Amino acid sequence: MKLSEEIAEFKCSICGSILRISPENIVSICEYCGGLNIVSGIIDCEDIFISTSVNVDKVLEEFLNRVRKDVDLKKISDKLRIVSTQGWYVPFWISRVLIRGEVVYIKRQYRGKKVEIIRNRDSFSEEIDIDIIARRQVKNLALRELIKTYFRQKPQLAELKNLAEDWWRSNKLTILNIEFDRKESEISLREEAVDSVRRIWEDKVDEIEFFKAEVKKMERPKLIFLPLWEVVYEYNGSFYTAYHQGWSGHPLIFYEPITMSRRLLYAIGMFTSIILGSIIGSALSLLTLDSLSDAWWIILFLLFILALIGYRSAKGFISDIRVEKSWR
Ligand SMILES: [Zn+2]
């Protein structure tokens, strides 16, 4: 649809004036009479819900709280400068789906040095929450985290049609319009439901030989708008971003600078992993596996764990930004 066609389509429901809208709009306030119009014509109003947001002050308060409580950040808190803050309402289609199906899988069990292979057929019936972002080409870690946190915390939702005009006028967040209608979303949600149940099984077993799943029941999909805030801050000439959810303002994802002490810790981790790696390597080359006693296995296992920890912190050293998830 061309933009010009879309503008021509929407007239104020109160005075009939042409509304100035862009494809990004879902609501529009008439320039002439001040009337409120919902212009996303492809969606039923009763399918739309919104988790209303705290204001920017609350988000910044939570941001500074996070800075003050963080071991690394609090040392540099004087030198952090907030560059910008911005909020959006991001649309998701969500539903609850009942899935039934059958799976044939293989599971390997290790008993001492022997491997036992178990082959099993199982039928399942699972009810899961599913979601899709109602926009194309949106792949962002913060959005994934936003919807996951939503399902965990289930903040209250308001029906779009029940929000007062005052609310719309005082709203400072950009409301992102949707690119899928309910019919389209239903197809994607079904596919997503089957995929996600398959992924659950893939995590549980070693191999899947056969998998069949069917959507038995599906709630009418809801379009929910979740508030997401972005705080951009500067430290030492570099820019970093923190993402907060808007229903309580708590941080979701925090990109932060790596301080000197953190760098040192990573460096130690890296050296430990190299040294332990070579110890394990030489130990294994000296001994044949059969002659290893149980005590040796335990020692090697512990060394391996230590090496793994070292390797993980070394990886943090390589990527310059440390990503921290919300702890709440
Ligand atoms: Zn009007």
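This is a predicted model: local features need pLDDT of at least 70, side-chain atom pairs count only at pLDDT 80 or more; totals for chains, interfaces and linings use all residues.

Guide: Residues are numbered from 1 along each chain as its sequence is written, and side-chain values use heavy atoms, with hydrogens and water left out.

Visitor: How many residues of strand 9 are buried?

Guide: Strands here are DSSP runs of E, at least two residues long, numbered from the N terminus, while helices are runs of H or I of at least four. Buried means under 20% relative accessible area, exposed over 50%, and partly exposed in between (1.4 Å probe, protein chains only). Strand 9 covers residues 222-235 and is mostly covered, the buried count being 13 of its 14 residues.

Visitor: Which residue stands opposite Y235 in strand 10?

Guide: Two strands pair if DSSP finds at least two bridges between them. Opposite Y235 stands S238.

Visitor: Where does R66 find its salt-bridge partner?

Guide: A salt bridge needs a side-chain nitrogen of Lys or Arg within 4 Å of a carboxyl oxygen of Asp or Glu. R66 meets its partner at 3.2 Å, N to O. The pair links distant parts of the chain, 190 residues apart, with R66 in helix 2 (residues 56-69) and the partner in strand 11 (residues 251-256). That partner is E256.

Visitor: Why does D131 count as buried?

Guide: D131 lies in strand 5 (residues 114-133). Its side chain has a polar contact with that of R144 at 3.1 Å; such a contact is a pair of N or O atoms within 3.5 Å, where within protein one must be able to donate a hydrogen and the other to accept it, and residues adjacent in sequence count only if both atoms are side-chain atoms. D131 is buried because its relative accessible area is 11%.

Visitor: Is I298 buried or exposed?

Guide: I298 lies in helix 7 (residues 294-318). At 52% relative accessibility, I298 counts as exposed.
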